[in-house]
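Here is a short report for a reader meeting this structure for the first time. Have a look at the model, then read on.

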Amino acid sequence: MSRVRALLRSEDWMSVCVGLLVFLLAMGLPFGVDLLGWAAKPAVWVDAGKAVGPMSKAYAALGPAGSLGATFLFLLALMTLAAKGLGLDVRRFATGFSLLFAASFLCLLAGHFAYVAATPDQIAGLGIRWSLKLTGEAGFILALLAGLAVGNFSPATARRLETATRPELFIKSAIVIMGASLGTKAVEALGLASAVMFRGLAAIVEAYLIYWAVVYFVARRFFGFSREWAAPLASGISICGVSAAIATGGAIRARPVVPIMVSSLVVIFAVVELVLLPFAANAFLYREPMVAGAWMGLAVKTDGGAMASGAITESLIRARALAELGIQWKEGWILMTTTTVKVFIDVFIGVWAFILAVIWCTAIERRPGERVSPVEIWQRFPKFVLGYAATFLLMLGLSLALPGLQRELAAAAGEANVFRQLFFALTFFAIGVVTNFRKLREEGIGKLAAVYVLCLFGFIIWVGLFISWIFFHGVHPPVV
Amino acid sequence: MDPNPTGEDRGTERAGRDDAPGPRLADELRQMAHEPLLPVEKRLIVVSLTLGVVLLGVLWWLSDTFFSGR
């Protein structure tokens with residue numbers, strides 16, 4: 001029992017619990033019990049009274065206020081329970097989470113305003129003449145900007161929200177939930193889904209081998225960083241930011257300050273990438289949407305940032321393809337590509353950390369008699385990936401085994417997806433709140449930032465684009 | 001077993017938010033001693049890049065042959 005409690009104190013395992021609970025509740029639908037139909041789903045709106053409503057018609061009587069209230073109370077209870085499991089101050093968490101939810105949901109609603117979000121096929125139906133065509137995902141960008149404003153201009157508010165500001169918990173829960181909808185999508189095109197899996201794996205093998213070696217060399221040779229700094233920096237810039245920097249720091253026995261400083265930098269630049277790359281992908285890759293999706297996974301260095309970039313890229317590119325090419329690609333495949341790449345990257349962090357630990361232990365710092373156990377691979381394995389794999393495989397298996405229920409299973413995944421969207425919005429806002437540019441400048445981060453900027457914008461982004469292009473060009477999502 | 005050996009959760013995701021007094025990064029970097037590249041590091045870099053280039057061809061062929069997705 002105490003072991004279970006200890007496990008639940010990690011956000012990684014807690015996100016699995018949160019995601020699986022939402023998934024299990026959604027799974028009532030195919031079996032005749034609609035347990036999540038009351039969830040509030042934002043819609044593209046002109047009339048504010050129609051901006052939100054319950055997901056299922058069975059709960060139409062709740063109206064917008066009722067469904068929103070139910071959604072808030074459900075998430076508040078669920079996440080407060082999670083906070084208790086994590087050993088956080090429950091009262092502070094509940095207060096902070098309420099504010100976080102309110103701000104994130106408002107941004108989500110603002111992003112669904114018709115003049116911002118409507119796609120070409122919606123404009124006439126909404127009775128408007130023009131729109132920015134950003135889709136409802138524009139709400140994520142607004143949430144990020146609002147979070148950045150709080151984090152950088154209102155430090156007192158940021159401190160009040162601190163206990164509840166947990167982007168990693170939010171995004172990992174979202175990824176576990178997302179496995180279900182990706183499972184139902186994979187059934188629609190199994191060949192394409194397996195191609196995305198293999199190509200995603202191939203892309204990250206390449207990224208690990210090429211990125212890490214070059215960044216490590218640049219940091220050591222041209223910037224004069226010591227091995228203790230260069231290895232976590234190379235992993236942080238080139239692989240998957242925070243987790244990789246920390247895993248590498250542990251593998252080579254760096255002092256804790258090293259990966260923490262690197263992680264700070266990673267989070268900051270992930271925000272910069274998040275703001276720039278989806279729009280670059282939309283400008284140049286709208287004919288190659290899967291390349292764009294993989295690129296987000298390879299280039300943006302935090303889970304939250306990458307998934308968020310994938311979501312924005314998908315909505316921008318789908319809207320543009322519909323407007324300019326007359327092609328309506330099925331929703332979810334671009335984001336699935338980003339997710340696949342990112343999940344494989346996360347899975348391999350443990351393997352890479354293990355390899356580095358062996359090399360450091362046996363060749364670089366030669367500690368006689370010291371051995372590295374393969375158990376370390378499991379210890380560093382990101383556990384939320386298990387939740388993602390479970391929901392994905394369960395939904396895929398059920399859809400294949402019960403073809404008569406495929407529609408209901410897809411509807412169940414849709415209900416769970418409402419919470420995925422909410423967790424995304426919370427992630428964006430939280431990323432903004434925790435990103436404090438001024439504090440980093442005060443730290444004197446110049447030299448570290450220089451190597452980061454040089455490698456990221458001079459090399460990583462472009463090699464990531466090249467690898468994505470090699471493995472994903474010519475592969476397209478199914479057409480509606 | 002430590003359930004979270006990477007310690008990746010709390011704190012690390014708070015970029016620049018840590019108000020606790022600690023070593024300044026600028027001081028850390030100033031105190032960094034010069035360490036020349038060891039032959040084993042050079043070998044690690046070369047092997048990694050060579051493997052990357054070779055596997056690029058192999059994986060591309062495998063993708064195109066068995067997982068075309070088109």
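## Charges and surface of chain A

In chain A, the mean position of the 39 positive charges lies 5 Å from that of the 26 negative charges. This is a predicted model, and the values here are computed from it.

Chain A exposes about 16900 Å². Carbon and sulfur atoms supply 67% of that area. Of its 480 residues, 62% count as buried.

## Overall build of chain A

Chain A has 21 helices and two strands. Along the principal axes, the C-alpha atoms of chain A fill a box of roughly 70 × 50 × 50 Å.

How much of the contact in chain A, counted at a separation of 6 or more, comes from residues 24 or more positions apart? Such pairs account for 78% of those contacts.

## The nonpolar cores

The largest nonpolar core holds 178 residues. Five of them touch the most other members: A:Phe97, A:Trp212, A:Phe225, A:Trp360 and A:Phe419. Helix 10 of chain A, residues 190–222, gives the most to this core. Its share is 18 residues.

Which residues does A:Phe97 contact, leaving aside neighbours within four places in sequence? They are A:Leu75, A:Leu76, A:Met79, A:Ala164, A:Phe170 and A:Leu426.

A:Phe223 sits in the loop between helix 10 and helix 11 of chain A, the latter spanning 227–238. Not counting residues up to four places away in sequence, A:Phe223 touches A:Val218, A:Lys447, A:Ala450, A:Val451 and A:Leu454.

One of these partners is A:Val451. A:Phe223 and A:Val451 are 228 residues apart along the chain. Their C-alpha atoms are separated by 7.2 Å.

## Chain B

Chain B has 70 residues, and buried ones make up 39% of them. Its secondary structure comes to two helices and zero strands.

The accessible surface of chain B is about 4200 Å². Carbon and sulfur atoms account for 65% of that surface.

Conventions. Residues are numbered from 1 along each chain as its sequence is written. Chains are lettered from A and ligands numbered from 1 in the order in which they are written. This is a predicted model: local features need pLDDT of at least 70, side-chain atom pairs count only at pLDDT 80 or more; totals for chains, interfaces and linings use all residues. Side-chain values use heavy atoms; hydrogens and water are left out. A nonpolar core is a set of buried Ala, Val, Leu, Ile, Met, Phe, Trp, Tyr and Cys residues joined through side-chain atoms within 4.5 Å. Buried means under 20% relative accessible area, exposed over 50%, partly exposed in between (1.4 Å probe, protein chains only). Helices (H or I, at least four residues) and strands (E, at least two) are DSSP runs, numbered from the N terminus. Contact means heavy atoms within 4.5 Å. Accessible areas come from the Shrake-Rupley method with a 1.4 Å probe; for residues, only the protein chains shown count as cover. Lys and Arg count as positive and Asp and Glu as negative; His and the chain ends are not counted. The place of a charge is taken as NZ of Lys, CZ of Arg, CG of Asp or CD of Glu.
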